[in-house]
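I opened my notebook to look at how two chains sit against each other. Here are my entries, in the order I looked things up.

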Number of protein chains: 2
Amino acid sequence: MSVLQQNFQINFQYNIHFTEHVFSLQNAELLYMLKMAQQPGFTQRLLFVIDEQVQLLHPSLTSQIDEYFKAVNTIQVVREKIVIAGGEMAKNDLNYFNQIIEAINHHKIDRHSYLIAVGGGSVLDLAGYAAAVAHRGLRHIRIPTTVLSQGDSGVGVKNGINYLGKKNFLGTFSPPVAVFNDYHFLTTLTDRHWVSGISEAIKVALIKDGRFFEWLEEMADKIMQYDKAAMQYLIERCADLHIEHIGSGDPFELGSSRPLDFGHWSAHKIEQLSAFSIIHGEAVSIGIAIDSLYSFLVGSLAKDECIRILNLLLKFKLPIFNEILVSGANIQALLGGLQEFSEHLGGPLTIMLLNAIGQGYEVHEMNAVKIEQALSLLQKTYVDQERYELAEF
Amino acid sequence: MSVLQQNFQINFQYNIHFTEHVFSLQNAELLYMLKMAQQPGFTQRLLFVIDEQVQLLHPSLTSQIDEYFKAVNTIQVVREKIVIAGGEMAKNDLNYFNQIIEAINHHKIDRHSYLIAVGGGSVLDLAGYAAAVAHRGLRHIRIPTTVLSQGDSGVGVKNGINYLGKKNFLGTFSPPVAVFNDYHFLTTLTDRHWVSGISEAIKVALIKDGRFFEWLEEMADKIMQYDKAAMQYLIERCADLHIEHIGSGDPFELGSSRPLDFGHWSAHKIEQLSAFSIIHGEAVSIGIAIDSLYSFLVGSLAKDECIRILNLLLKFKLPIFNEILVSGANIQALLGGLQEFSEHLGGPLTIMLLNAIGQGYEVHEMNAVKIEQALSLLQKTYVDQERYELAEF
C-alpha cells in the first residue's frame, strides 16, 4: 500500500507575429523563426495545409511558398500542398482529417518536422488537431487568414473537429510553436468575413476591457471603411486580451475556470441549427445579443449599456437575430445547448453574463423563460433594424 | 511588424498507488482519491473501460465495481461497462476507439467526469487516447492489470493507437489523474504474461540502475516461483525509475531528449512482423538481446556483461530470438524499422546502446552489417538454449 508521486511542469512559449506578406522574399520573419529552432546538420521538413478559399484568392501562394524556401538548403518543403475546403465543412468531414494524417505518413513528416496551416479558423482547428495527434504531436505553425482567426481562435491553444454532430467533440489543448498573422490575407476577405470576426473583439471587450469597447464604438465607421490601421489595432488588442487570459488562467482548462466564452453557449447551437450557414462570428454576434439582453432582463446590466451593445453589433452590420430562432422546436434545441455546453466544459454549468460593459460575471443556471423573452424582444426588432430601442421596457 | 509573446506553465501531478483488491469494500483508496477531487454539490460520473481478458478472469468485477460505489451518493457509475478485446487488437482496430467515443457521447461524460480503464497496456493506451481527445480531455484513471503495464506503460504519460500499419501513429502525451496498481490482477496472469513484462524491468535496469540488474539476477528464481514480495518490489522499482526519468527529463518529448527506449527500435518492428503474435514484452526482450550483442560487437560492452544480460533473459524464459528474423526480407524490414523509429521520435536517429550494465549511451547511426551479425549469433544458439555462450568470439 505505498504511493509514488509524479510531479512535473511543462513550459510552453510561442510568439504571435503581426506581419504582412509572410512569404515575400523581403520578409525574413518566418525563416528566422525556423532558423532559431534548427538543430545543426538536420534538415527541417515542412508540410503545408492550405484553406481552399485562400488558395483561390491567392493563386500564386503555393509557388510563392516554394520560392520563399528555395534558397535555404536546410529546409525542405513537401511539394504537394494539402488543400482543404474552408469553413465548418473542414471540421465536419472526417475524410479531411484522414487526408492530412495520410499525407503526414506518406511524406514521412516526423515530430521535428513542421505542419504549417494557412487558412481560416476551421482549417486551422482541423490541421491543429491532426498535428497534435500524429506521432503524439508534430510542430505546428499557424498562419490565420481571417479577422476571427487572427484575433481569436488562431492565437490560442485549442484545436478540434466536430464529431457525432457536436462542435469540437474531438480535440486537444496543444499550443502552436508560432503564429504569423499576415494582414495581407485580410485584404481579400468578403465583407461578410471582414465583419464576422469583429464579434469576438466585441465579446472580449465586453467581459474584459470597457475602454476597448469604447474604442470600437468610436472606430466602427473607420473599420467599416476598411481602415487598415484600425483593423490592425482591433486584431492585436483582441489577440492580446485573448492570450493574456489564457496565459494567466488555466490554459488547458484542467480546473473549473472558464474560457472566454461569453455568448458562446447559444452560438455553438445556432451554427448547428443553421447547418453552418450562419458562420461562427455571426453566431457569436447573435449569442452576444441574447446574453446581453438576458443580463438586462435579470437586472445585472443597465438598459442603456445593453442598448449600446446591440447598437454596436448593428453598426458592424452583425446579426442580432435569425429567423431559425422563431420555431418552438429550435428554441427547445437552443435551450438544450446549455446542457451540451456544460458537458463539453465539464463540471457544473457556468455561463458568463455582464454586470457592465467591460465586466463579466458567472452564473450557474439560466432561466428559460427569460431566455425566450430575450429572443422574442430581439425578434420583434431585428428586420431592417438600424438602431435598437428597448421601447417596450 | 510587432510580436506578442505567449508563455505559460502547466503543472501535472498524479499518484501511483500500489494496492490490492482496489474494488473491495475494505479498500478506500480509490474512493478517497475521488473524494479529494470532488467539487461541492456536484456528482462525479464514472465510465469504465475493461479489458475483456480481465473480465473473463474476474467475472464478478463489474458487479464489484457497482457495489463499491453504491453507497456514495456523489458518485454515479455508468451501468454499461465497455469491454474491449485485450492485446494489440485493441490498438489496431479503429472501431474500438469509436466505440469508446460513442459511449462518452451517449452517456454524456463531460470533462469533469472520469474514464477509468482496467486492463493491460494496449487497452490502457486505447482508452487513454480516447479520454485525451474527447471534449479535449476527460479525467482519466488507469488501473493496469499486467506486469508490463504496472511497471512501465501504465504509469507514464503516453497513450496511442496504431494507424496506417504503424505503432502508436496516433496518440498524445496526457498524464492520468491517478494510477492504481492492483497486485491481485497479477495473480491470474498466464505464465507468458507474468514474465513478458519483466523485460521492461531488465531494460530500465540496464540503462539506469546496475544494482537493480544484480537484484534481478539474484531474485530471478524467486520471481519465477511467483514470489509476491519479489514481484511487488520489481514493479515498484521499475515504475519508480520510469517516472523519475519522465519527471526529471522532457515528459512530452518536445525537445530531442530520448525516452527510455533501449531495445525498442527493433521491438516495435518485430511485433509487427509477427502480426503481433509476439507480444510487446517478448519483442522488447529480443530487442534487448539484439542491442546488447550489438553493443558488444561495436566494442562498447564487455563480453561477460553481454553474456550476463542474455542469460538473465533466458533465466526468465524470455525469448532472445525468433525464427521470423531468419528471412532476408524480414531482416530488411527490421532495418527499415530504424527509419520509422526516427520518424516517430523526430529529429536525427538516436538509439540507446550500453557501455555497461546500468549505463546507457546514445548513438546516431547503426551499422547494418553488425546488426545482421548480432542476429546470426542469436539465431545460432536460440533453440533450446538455457545458457548463452559467446563461444564464437
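These notes go from the contact between the chains to a spot inside chain A.

**Entry 1: the model.** I reminded myself that this is a predicted model.

**Entry 2: how the copies are related.**

**Entry 3: the contact.** I looked up who takes part, and got 72 residues from chain A and 72 residues from chain B. I also checked whether the two sides match: 100% of the interface residues of chain A are also interface residues in chain B, so the copies meet through the same surface. The area buried between chain A and chain B came out at about 7000 Å², and carbon and sulfur atoms give 53% of it. Three residues, A:Leu4, A:Gln6 and A:Arg136, supply 14% of what chain A buries against chain B, more than any other three residues.

**Entry 4: polar links across the contact.** I looked up the residue pairs in polar contact between chain A and chain B, and the count is 30, with both residues at pLDDT 80 or more. How many salt bridges are there between chain A and chain B? The count is 2. I wrote down a salt bridge between the side chains of B:Arg111 and A:Glu253, at 2.4 Å from N to O.

**Entry 5: which parts of chain A touch chain B.** The elements of chain A that give two or more residues to this side include strand E1 (3-19), helix H5 (94-106), helix H6 (121-133) and helix H11 (228-248). E1(A) gives the largest share, 17 residues. I sorted the residues on this side of chain A by type and got 31 nonpolar, 27 polar and 14 charged.

**Entry 6: the E1 strands.** I followed E1(A) across to chain B and found 15 bridges joining it to strand E1 (residues 3-19) of chain B, with the two running antiparallel. I picked out A:Gln6 again, and it stands opposite B:Tyr14 in E1(B).

**Entry 7: a spot inside chain A.** In one of them, the side chains of A:Asp66 and A:Lys81 meet at 2.9 Å, N to O. A:Asp66 lies in helix H3 (residues 61-70) and A:Lys81 in the loop between strand E3 (75-77) and strand E4 (82-84), so the pair ties together parts that are 15 residues apart in sequence. A:Thr62 is also in helix H3 of chain A. Leaving out residues up to four places away in sequence, A:Thr62 touches A:Ile50, A:Gln55 and A:Lys81. I compared A:Thr62 with A:Arg79 too: they are 17 residues apart in sequence and 9.0 Å apart in space, C-alpha to C-alpha.

Technical notes
Residues are numbered from 1 along each chain as its sequence is written. Chains are lettered from A and ligands numbered from 1 in the order in which they are written. This is a predicted model: local features need pLDDT of at least 70, side-chain atom pairs count only at pLDDT 80 or more; totals for chains, interfaces and linings use all residues. Side-chain values use heavy atoms; hydrogens and water are left out. Contact means heavy atoms within 4.5 Å. Buried area is the accessible area (1.4 Å probe) that two parts lose on being put together, summed over both. A salt bridge is a side-chain nitrogen of Lys or Arg within 4 Å of a carboxyl oxygen of Asp or Glu. A polar contact is a pair of N or O atoms within 3.5 Å; within protein, one must be able to donate a hydrogen and the other to accept it, and residues adjacent in sequence count only if both atoms are side-chain atoms. Helices (H or I, at least four residues) and strands (E, at least two) are DSSP runs, numbered from the N terminus. Ala, Val, Leu, Ile, Met, Phe, Trp, Tyr, Cys and Pro count as nonpolar, Asp, Glu, Lys and Arg as charged, and the others, Gly among them, as polar. Two strands pair if DSSP finds at least two bridges between them.
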